[in-house]
Amino acid sequence: MIRSTVTILLLTLFMSTNLVAVAENPYATLHDQAQDVLHFTKMNRPAEAYRLLQEMEGAMQQSLSGWENSEASQTVLSLYEETERVLREPTTKEERIRSATGLYLVVDALHSEQEPLWKETKAQMLSYYQQMLDAVDNGDQEQFHFILDVFMKQYETIYPSAKIDAPDELVQKVDARVHYIDNYRPEVLANGTKAYGELVSLEADLTSLYEGEEDEADPSLLWVMFTTGSIIVATLSYVGFRKYKGDKEKQQARKKQRD
């Protein structure tokens, strides 16, 4: 009798703990399911991944209940539908993995209470950036186009997660610059142009995106401040020199008068 009572109490405590955990983080089940979908997709078992994706629907509706019209909810639903499509239709393994990864990263961004997984791509993205910059500086057009294509695929995968997790203004700034570079490739390749300047500025924006904060000052503003400061210093130096020269001439004139 005592053993049965203890067993019931332990089961009750276990169930209560699980309920509290789910209540504290409603995305836990959704997170695990999205991870399983990605796992089977990487194993090249799209049928099983698709079946697991269908099972996600209930957990997804429960997790997003009450804020269906929010941007985060719409982002998750959009990626869910896209992943469903690529798993159902004849597509490449790369497309399936990229879509399932995007879905998992978005759910993880909602689920994670610490640093989300999408931020672990920082080193890789900055490496792609440096390779693009080197290709432009070396005049290697073919390499630049190839690396930028790879960069864009990776960027499109993490962008939905960043949109949920990072500051809106920062995400919009990075997104505008990335697509400007992609749309004006010939101009970027012409070293010294405004488009090339956009590529140079992208490094600081990407770093800020992963760190979750905006730059303290815009590079163009720093340039204006530096230029203005240089002009002021030069002006003050010139005025000081003229004053010094004038005082010197006055002293020499008084000396002549005494003599």
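This is a predicted model: local features need pLDDT of at least 70, side-chain atom pairs count only at pLDDT 80 or more; totals for chains, interfaces and linings use all residues.

**Exercise 1.** Describe helix 3: what is its span, where does it bend, and which residues are buried?

*Solution.* 
- Start with the length: helix 3 covers residues 46-63, which is 18 residues.
- Compare the spans: from first to last C-alpha it reaches 25 Å, close to the 26 Å expected at 1.5 Å a residue.
- Follow the axis: helix 3 bends by about 30° at E57.
- Pick out the buried residues: they are A49, L52, L53, M56, A59, M60 and S63.
- Recall a general point: an α-helix has 3.6 residues a turn, so residues three or four places apart point the same way.
- Look for the partners: the buried residues of helix 3 pack against helix 2 (28-42), helix 4 (71-88) and helix 5 (93-111).

**Exercise 2.** Decide whether H31 is buried or exposed, and find which residues it touches.

*Solution.* 
- Locate H31: it sits in helix 2.
- Apply the cut-off: buried means under 20% relative accessible area. H31 has 8%, so it is buried.
- List its contacts: leaving out residues up to four places away in sequence, H31 touches Y104, V107, D108 and H111.
- Check a distance: the C-alpha atoms of H31 and L103 are 9.6 Å apart, although 72 residues separate them along the chain.

**Exercise 3.** Work out how helix 6 and helix 7 are arranged.

*Solution.* 
- Take the geometry: the axes of helix 6 (residues 122-137) and helix 7 (residues 141-165) come within 9 Å and cross at roughly 155°.
- Use the cut-off: angles over 145 degrees count as roughly antiparallel, so helix 6 and helix 7 are roughly antiparallel to each other.
- Name some contacts: residues of helix 6 including Y128 and M132 meet residues of helix 7, among them F144 and F151.

Note on methods. Residues are numbered from 1 along each chain as its sequence is written. Side-chain values use heavy atoms; hydrogens and water are left out. Helices (H or I, at least four residues) and strands (E, at least two) are DSSP runs, numbered from the N terminus. The expected span of a helix is 1.5 Å times one less than its number of residues. The bend at a residue is the angle between axes fitted to the seven residues ending there and the seven starting there. Buried means under 20% relative accessible area, exposed over 50%, partly exposed in between (1.4 Å probe, protein chains only). Contact means heavy atoms within 4.5 Å. Axes are lines fitted to C-alpha atoms, for helices over the stretch in contact, and angles run from 0 to 180 degrees between N-to-C directions. Angles under 35 degrees count as roughly parallel, over 145 as roughly antiparallel, 65 to 115 as roughly perpendicular and the rest as oblique.
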